[in-house]
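Hi everyone, thanks for coming. Let's walk through one model together, starting with its rings and then turning to a sheet.

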Amino acid sequence: MLRHEAAMRAFVMSGYGGPEVTGFRDVPRPEAGPGELLIKVKAAGLNPVDFKIREGKLKVIQRYPLPAVMGNELAGVVEAVGAGVTRFAPGDRVFARVPKDEMGAFAEYAALPEGVVAKMPDGLDFETAAGVPLAGLTALQALRDELRLRPGSKVFILGGAGGVGTFAIQIAKWLGAEVTTTASPRGRALVERLGADVVIDYTTQDFADHVSGMDGAFDLIGGDTLMKAFGVVKPGGMVVSVAALPEPQTA
């Protein structure tokens with residue numbers, strides 16, 4: 001059970017709807033409970049999921065007790081540790097993907113379970129670190145846990161130059177996979193530098209005409225792109241999307 005002692009500023013959602021349902025307000029500052037860290041937030045990441053939560057598009061998956069402090073990823077400094085915490089100490093520079101059923105990154109302080117927090121690499125600034133957890137974990141879970149890439153796997157990443165895509169290319173290569181991706185001419189140099197083996201220019205090429213026999217596909221675009229992705233994987237292959245759900249075919 002969290003105890004509260006002082007106020008802090010936070011960005012709070014009071015209902016579902018447009019920007020008018022959110023705003024800064026004073027809320028009780030949390031303390032670190034057993035197994036938790038109290039983190040002084042230095043930077044927080046803003047993602048598409050944040051406005052989708054605000055608009056109520058994810059209510060079928062997760063409903064938050066309102067009002068709720070928003071925000072899903074952060075970087076900061078450990079202010080205090082609760083009983084039983086063993087991996088962190090006050091003063092540690094950390095970043096975290098906030099538990100999905102809580103949010104709370106858009107605040108001066110956040111109390112988080114030790115298990116969702118990691119120490120920041122040396123040399124990484126807080127602003128950069130705050131943009132890593134959600135996109136990085138999304139890519140890792142899709143490629144390692146769902147597609148189960150291994151050395152020699154062939155994976156097609158749709159949207160490789162975006163936030164999740166840039167992590168996905170690097171993680172796929174780290175897992176030993178051969179990576180084909182889509183990018184614009186402006187993004188080609190970036191995805192090639194990250195390790196992409198084959199790059200499809202989506203502004204001039206239809207990937208459906210150039211890609212086939214993939215062990216898996218990771219869709220970051222949605223819409224018609226997602227539907228066409230099923231045609232590039234081999235029998236038994238899998239398509240994972242974080243952009244949309246495929247629409248059922250009707251006669």
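**Rings, charges and a sheet**

Let me begin with Arg29, which lies over the face of Tyr109, 4.4 Å from the ring centre. For that, NZ of Lys or CZ of Arg has to be within 6 Å of the ring centre and within 35 degrees of the ring normal. A word on the source: this is a predicted model, where local features need pLDDT of at least 70, side-chain atom pairs count only at pLDDT 80 or more, and totals for chains, interfaces and linings use all residues. Residues are numbered from 1 along each chain as its sequence is written, and side-chain values use heavy atoms, leaving out hydrogens and water.

Lys228 lies over the face of Phe207, at 5.1 Å from the ring centre. And Phe207 has an aromatic partner too: its ring and that of Phe156 have centres 5.1 Å apart and planes at 55°, so the pair is tilted. Rings of Phe, Tyr and Trp (its six-membered ring) pair with centres within 6.5 Å; planes under 30 degrees apart are stacked, over 60 edge-to-face, the rest tilted. Both Phe156 and Phe207 are buried, meaning under 20% relative accessible area with a 1.4 Å probe, protein chains only.

Now, the sheet. What is its strand order? This open sheet of five strands runs S7-S3-S5-S6-S8, with antiparallel pairing. Strands are DSSP runs (E, at least two residues), numbered from the N terminus, and two of them pair if DSSP finds at least two bridges between them. Strand S3 (residues 36–44) pairs with S7 over five bridges, and Leu37 stands opposite Leu112 in S7.

Note on methods: Helix = DSSP H or I, 4+ residues; strand = E, 2+ residues; numbered from the N terminus. Buried < 20%, exposed > 50% of the residue type's maximum accessible area, 1.4 Å probe, protein only.
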